Amino acid sequence: MTGKGLRRTRLYDWHVRAGARMMEFAGWEMPAQYPTGPIEEHQRVRTAAGLFDIDHMGQLRLSGPDAEALLQAVQTWDIRRTGVGQAHYTLFCYADGGTVDDVFLYHLPDHWLIVVNAANREKDLTWLQAHVGDATVTLEDISEQTYMLALQGPQAQTILQRVTEVDLARVAFHTIVSGHVAGVPALISATGYTGEHGYELLFPADEAEHVWTTLLRVGESEGLIPCGLVARDTLRAEACLPLYGHEIHAAIDPISAGLGFAVSFDKGDFIGREALLKVHLEGPQQRLVAFEMVERGVPRPGYPVVVGGASVGQVTSGLYSPSTGRYVGMAYVPAAYAAVGTELAIVIHKQPRAARVVPRPFYRRRQRGEGGEVPRG
Amino acid sequence: MEYRFDPNVRYAKTHEWVRVEGEEAIVGISDYAQHELSDVVYVELPEVGSIVQQGKACAVVESVKTAEDVYAPISGEVIAINEALRDKPELVNQDPFGAAWFFRVKMSDPSEVNALMDAAAYQRHVESEERR
């Protein structure tokens, strides 16, 4: 904790020594960018590899004979489809369909690991505890003792293979295995939040600096650099991966957000099912769309979306997209304006500027294989 | 941190610079300003023919993360804008005192320049901002 009440990760001093510019994010003081700058960091992840300190993410551990039953009731995905060693994106929803959080579920041999957004960690814990009832489960917040890094980019596999005995060629997209990284016991998960191939690593927090510096050293020849949250945000936005508080929040349901792939209506009852089914059957009134600017300007969160002079929605994320050279964003608009090709205007610096709805995502990696990226927050 | 301070321009507290050429002046932002912004991805310039007023917002410069107003360091009519910044906003990071000039004005009151800082005074101003 600092004077401002912000949390710091165990790599804080390393980041400052490396010249990182620090920013407040979800109650944490995190590296926004290193002296390389966010555009180069972004491009490096697309072309080589980047390493991210994502220890602000929370980790909850759920075990016990009723763990599966509890999970089925409190989140949208049918976890019977996620076998041991697999990972899946899912959502906690309120009874009215609004979103508590979007999380990643990892099915480990004797427990479930739930990786949650930093801003929602306490809320999620309270949410889960409130629904335990008389179920026999053990729910632990293991965030403090668990460190989390993300190694992302086309060279991620080559780099990680140098410091692990695990045959990474056998770690398929959205699977998780246990092994060692730089001699440290670790969970290696083929997941990420950048739209690139890569891994997320979980290991004992005391080893943070050892694993971080070892990866940077063995990856240097492949172009690996540390990357901050600004690049993480442009990378995820290009891949149209949602960010809690922007594309999803308590007043937005996953169907309207285009996350229906993570909702299993046929698994039986779960909190929010009735409300989500209604939206699914009737069709959402508002939809999340991807747009690109026709007239120049950088759309930013909160900017109004205008059709025919009337304000119809709001930008949730917007950016200059380094991979495409376009100014792009995401916004909620009435379903009638959600079709690809629809002409909108975004009010930028008090001036409406032409934009149009385009297919999602803005960026898709070229490599073929494991299928599409799945969002995570 | 080391910044460049062009000795041949005058500076505003808000980090714009002016280079006087006869009755005209060229305006841009300082090396310190571009460094604070980091990667510039968009610059919005005033229209040719518009009037800018010393101390009033007249342009916008946007980095990956933020949009910042640019304040006119001098009053006058905009007679030219740097079209190159449209396609290459990164020039602001690469050459803030040269290729990344923002616009040229016909000054309405050249004595306004006297209210601006020289390089040495501006450097002290930047150092005091750095210490905050």
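Q: Which residues in α2(A) meet which residues in α7(A)?
A: Happy to start there, bearing in mind that this is a predicted model. On the α2(A) side the residues are A:P38, A:E41, A:H42, A:V45 and A:R46, and they meet A:V230, A:A231, A:T234, A:L235 and A:E238 in α7(A). Sorted by class, the contact of α2(A) with α7(A) has 5 nonpolar, 2 polar and 3 charged residues.

Q: How do I read the way α2 and α7 of chain A cross, and at what angle do their axes do so?
A: Two packed helices are described by the angle between their axes and by the distance between the axes. Here, the axes of helix α2 (residues 38–47) and helix α7 (residues 229–238), both of chain A, cross at roughly 50 degrees and come within 8 Å. Because of that angle, α2(A) is oblique to α7(A).

Q: Is the crossing of α2(A) and α7(A) left-handed or right-handed?
A: The crossing of these two helices, α2(A) and α7(A), is right-handed.

Q: How many salt bridges are counted between chain B and chain A?
A: The count between chain B and chain A is 3. In one salt bridge, the side chains of A:R353 and B:E44 meet at 2.7 Å, N to O.

Q: How many residues of chain B are in contact with chain A, and what area is buried between the chains?
A: 17 residues of chain B are in contact with 19 residues of chain A. The area buried between the two chains is about 1500 Å², and carbon and sulfur atoms give 47% of it. In chain B, the residues that lose the most area to chain A are B:Y42, B:V64 and B:K65, together 35% of what that side buries.

Q: What should I look for in the backbone?
A: Most residues other than glycine have a negative phi, and most peptide bonds are trans. A:H174 is not a glycine, yet has a positive phi of about 60 degrees. A:H174 is found in the loop between α5 (156–161) and β11 (176–181) of chain A.

Q: Which residues does a cis peptide bond join?
A: That bond joins A:R360 and A:P361, with omega about -10 degrees. To find A:P361, look in the segment after β20 (351–358) of chain A.

Notes. Residues are numbered from 1 along each chain as its sequence is written. Chains are lettered from A and ligands numbered from 1 in the order in which they are written. This is a predicted model: local features need pLDDT of at least 70, side-chain atom pairs count only at pLDDT 80 or more; totals for chains, interfaces and linings use all residues. Side-chain values use heavy atoms; hydrogens and water are left out. Axes are lines fitted to C-alpha atoms, for helices over the stretch in contact, and angles run from 0 to 180 degrees between N-to-C directions. Helices (H or I, at least four residues) and strands (E, at least two) are DSSP runs, numbered from the N terminus. Angles under 35 degrees count as roughly parallel, over 145 as roughly antiparallel, 65 to 115 as roughly perpendicular and the rest as oblique. A crossing is left-handed if the near helix is turned anticlockwise from the far one by less than a right angle, and right-handed if clockwise. Contact means heavy atoms within 4.5 Å. Ala, Val, Leu, Ile, Met, Phe, Trp, Tyr, Cys and Pro count as nonpolar, Asp, Glu, Lys and Arg as charged, and the others, Gly among them, as polar. Buried area is the accessible area (1.4 Å probe) that two parts lose on being put together, summed over both. A salt bridge is a side-chain nitrogen of Lys or Arg within 4 Å of a carboxyl oxygen of Asp or Glu.
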